Amino acid sequence: MKLREHLHIIRRSIQLLDRLSRRNLLGRSLHALVVALMPYVPIYFSARLIDALIAGAPVQTLALYAGLTIGLTALLSLAKAFLLAQCEIGAPEMELAYEWMHAEKAAQLSYASIEDHEVARLKQRIRSETQTGFNLYYFYSSMERVIQFSVRILVSISLTASFFAADTIALPAKLLFAGGVVLTVAVNMLIGRRSAKIRSAFSADCVQSNIMLGELDGYITDYKPGKDIRLYAMEEPLAALDKRLLDELGAYEMRVYLKCAGLELIATVMNYALRFGVYLLLISGALMGGVTVGSIAQYVSSVMLLLTAVMELVRTAQQLALNDTYTRRFFSYFDIPNPMYKGSLSVEKRDDNEYYIEFCDVTFKYPNTDAYALRHVNLRFRVGEKLAVVGMNGSGKTTFIKLLCRLYDPTEGEIRLNGVDIRKYDYDEYMAIFSVVFQDFQLFAYSLGQSVAASAEYDAKRAEACLREAGFEERLSSMPKGLDTSLYQDFDKNGIEISGGEAQKIAIARALYKNAPFIVLDEPTAALDPVSEYEVYRRFGEISGGKTAIYISHRLASCRFCDEILVFHEGQIVQHGAHEALLAQENGKYAELWNAQAQYYTETA
Ligand code: ADP
């Protein structure tokens with residue numbers, strides 16, 4: 001990485017930390033400054049006091065030095081305590097803002113990025129690197145160290161400059177001292193770089209294991225897989241895998257630890273040898289005269305602080321440079337663009353409800369895959385039509401809907417709303433015209449009313465009407481708290497567990513509440529019992545009213561009532577038309593699927 005990039009990352013990190021919590025950033029920086037200065041107050045004034053004592057100075061002077069030592073130390077201690085309190089308030093503030101930043105980013109990512117394994121891996125990786133102390137958090141603590149050690153270097157140099165400038169010390173001795181410092185710094189740098197490499201290789205190697213351990217932990221602690229774990233006696237294999245991963249990680253960590261400790265030992269021995277040299281130098285200086293007793297104490301302490309500060313600053317700078325690789329990765333996640341947000345056209349609100357959608361030679365493959373999920377799809381339909389999409393599993397039905405709703409953009413071709421490429425519309429406005437119930441819909445642990453409205457505030461009458469239309473009326477009337485009943489127990493211990501079929505009805509009610517011109521039901525009856533399923537079919541026309549309804553199912557019997565049926569096969573529309581007409585094409589895919597299913601129903605009947 002070039003110096004410019006390092007500087008750019010440092011500037012960006014500071015800006016981000018400032019945005020997350022200015023209180024924490026300032027608190028920590030000033031705290032580091034105060035901590036850096038604190039030891040110099042007694043060092044400087046004690047030296048003056050000793051010299052004044054030896055010189056037989058008046059008692060007022062002695063009292064002044066003593067007072068200044070205590071007074072300044074007390075002031076700095078007060079400032080330190082105040083700043084520490086600021087940091088303690090600022091740290092959770094920053095933590096919260098950091099978590100929120102992650103949540104916001106996840107919400108802003110395009111759906112294509114969310115489903116992209118590379119993005120998921122990157123997110124996991126930066127999360128686990130943050131937890132292990134790298135990227136932003138490492139930058140934070142390093143910044144404090146840089147402030148602290150830079151200040152110490154400056155102050156120590158100014159307090160010892162007079163000694164090294166004086167003629168008392170012979171030139172060769174000064175050169176020897178300078179050489180010793182340079183050598184120790186160089187060895188420290190080499191050792192620092194080696195240890196950092198070992199540690200960074202370790203954390204890179206741990207990413208996969210950490211991800212697996214996280215998943216395993218999820219299986220074991222989440223109650224949902226509990227049934228399968230018990231019925232298939234999965235405890236042992238899961239625990240064995242957990243143990244194997246932990247053992248491997250533990251052994252690896254121990255090897256890394258021993259290697260780094262060995263390297264540290266060399267650095268420590270050199271540091272202390274240098275310190276010993278400094279003592280010899282100062283003693284010889286004192287013996288030759290020209291240095292006061294008080295100054296000797298000041299020089300010794302300052303040089304020791306200087307040496308430590310130089311070593312630490314070098315180490316910190318090195319680790320910061322290495323950490324920039326992590327921080328760059330960290331920012332790369334937050335820089336993932338959302339190409340969906342480019343459009344700015346407003347979706348026309350038409351009183352005549354005359355909307356039409358066209359698929360113009362649309363071809364699509366999922367990111368990072370080679371196979372086409374859709375190929376050359378051409379289609380045109382108007383609002384108000386009831387459309388069914390049928391086909392075998394994996395034939396492209398859901399993908400077709402995902403493209404229609406702009407969760408993905410076509411790889412080739414165009415989808416148009418009223419003749420305009422849908423990419424040109426404002427993304428949020430375009431999304432607002434669809435109510436979709438996906439097969440793998442997600443309900444959240446809010447109250448029933450809020451879940452239906454997908455909002456904290458809602459119109460109770462409308463929510464009830466939608467639940468009624470979706471066939472949830474009976475269950476609702478048996479709930480003492482009605483719409484205020486919490487779903488699941490994530491946030492409320494009195495929340496209710498709902499069955500798959502009930503959840504599906506609530507999801508349908510949510511789609512109805514949104515009241516969008518397009519309503520899409522993707523296998524809406526998969527989890528419903530036969531009676532409820534029949535109800536949804538029967539009421540489908542009523543439920544969707546004058547809206548465009550797209551109904552996806554691999555059960556052909558449920559699609560008969562639609563105006564137009566699209567038959568998907570291997571990513572293509574192979575047939576379309578009304579039920580009777582399609583069935584009449586005896587060699588067509590529709591007739592094949594229909595007969596296969598009819599036979600299935602007869603056999604199982
Ligand atoms: P259907 O809804 O008809 O069952 P899908 O539209 O879900 O079919 O899938 C069409 C094809 O795209 C299948 O081959 C499926 O494996 C593939 N596919 C679906 N989702 C993804 C995804 N997120 N990433 C990669 N391939 C996918």
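**Entry: the ground rules.** I am working with a predicted model, so I keep in mind that local features need pLDDT of at least 70.

**Entry: the largest nonpolar core.** I started with the largest nonpolar core, which holds 42 residues, and I noted that Leu448, Val452, Leu467 and Ile506 touch the most other members. I then listed the elements that give two or more residues to this core: β3 (386–391), α14 (448–453), α15 (460–469), α17 (500–514), β7 (518–522), β8 (548–553), β9 (564–569) and α20 (589–604). Which element gives the most to this core? I found that α17 does, with 8 residues. As background, I wrote down that nonpolar side chains tend to be buried together in soluble globular proteins.

**Entry: leucine 448.** I looked up what Leu448 touches, leaving out residues up to four places away in sequence. My list reads Leu467, Phe472, Leu476, Met479, Gly482, Leu483, Thr485, Leu487 and Ile506.

**Entry: aromatic pairs.** I got a count of 22 aromatic pairs. One of them joins phenylalanine 364 and tyrosine 408, with 5.2 Å centre to centre and 55° between the planes, and I logged this pair as tilted. The two residues are 44 apart: phenylalanine 364 is in strand β1 (residues 356–364), while tyrosine 408 is in the loop between α12 (397–404) and β4 (412–417). I checked their burial too, and both phenylalanine 364 and tyrosine 408 are buried.

Next I turned to tyrosine 590 and tryptophan 594. Their ring centres are 6.4 Å apart and their planes stand at 20°, so I logged this pair as stacked. Both sit in helix α20, 4 residues apart, which means about one helical turn separates them. Tyrosine 590 and tryptophan 594 are both buried.

I also noted one aromatic cluster, formed by Tyr98, Tyr137, Phe330, Phe331, Tyr333 and Phe334.

**Entry: charges over rings.** I found arginine 275 over the face of tyrosine 272, at 5.3 Å from the ring centre. Arginine 462 has its charged end over the ring of tyrosine 513, 4.0 Å from the centre.

**Entry: the ligand.** Which residues surround the ligand? I wrote down Glu115, Tyr366, Thr369, Ala373, Met392, Asn393, Gly394, Ser395, Gly396, Lys397, Thr398 and Thr399. For tyrosine 366, a side-chain N or O atom is 3.4 Å from a nitrogen atom of the ligand. For threonine 398, a polar side-chain atom lies 2.7 Å from a ligand oxygen atom. For threonine 399, I read 2.4 Å between a side-chain N or O atom and an oxygen atom of the ligand.

**Entry: arginine 406.** I found arginine 406 in the loop between α12 and β4. Is arginine 406 buried or exposed? Its relative accessibility is 1%, so it counts as buried. Leaving aside neighbours within four places in sequence, I listed its contacts as Pro339, Met340, Ile422, Arg423, Tyr425, Tyr427, Tyr430 and Met431.

Entry: Most residues other than glycine have a negative phi. Asparagine 135 is in helix α7 (residues 135–165) and counts as buried at 0% relative accessibility. Glutamate 570 also has a positive phi of about 45°. I placed glutamate 570 in the loop between β9 and β10 (572–577), and with a relative accessible area of 53% this residue is exposed.

How values were computed
Residues numbered from 1 in each chain as written. Predicted model: local features only at pLDDT ≥ 70, side-chain atom pairs only at ≥ 80, totals over all residues. Heavy atoms only, no water. Core = buried A, V, L, I, M, F, W, Y, C linked by side-chain atoms within 4.5 Å. Buried < 20%, exposed > 50% of the residue type's maximum accessible area, 1.4 Å probe, protein only. Contact = heavy atoms within 4.5 Å. Phe/Tyr/Trp six-rings, centres within 6.5 Å; stacked < 30°, edge-to-face > 60°. Lys NZ or Arg CZ within 6 Å of the ring centre and 35° of its normal. Near = heavy atom within 4 Å. Polar contact = N/O pair within 3.5 Å; in protein donor to acceptor, adjacent residues only side chain to side chain.
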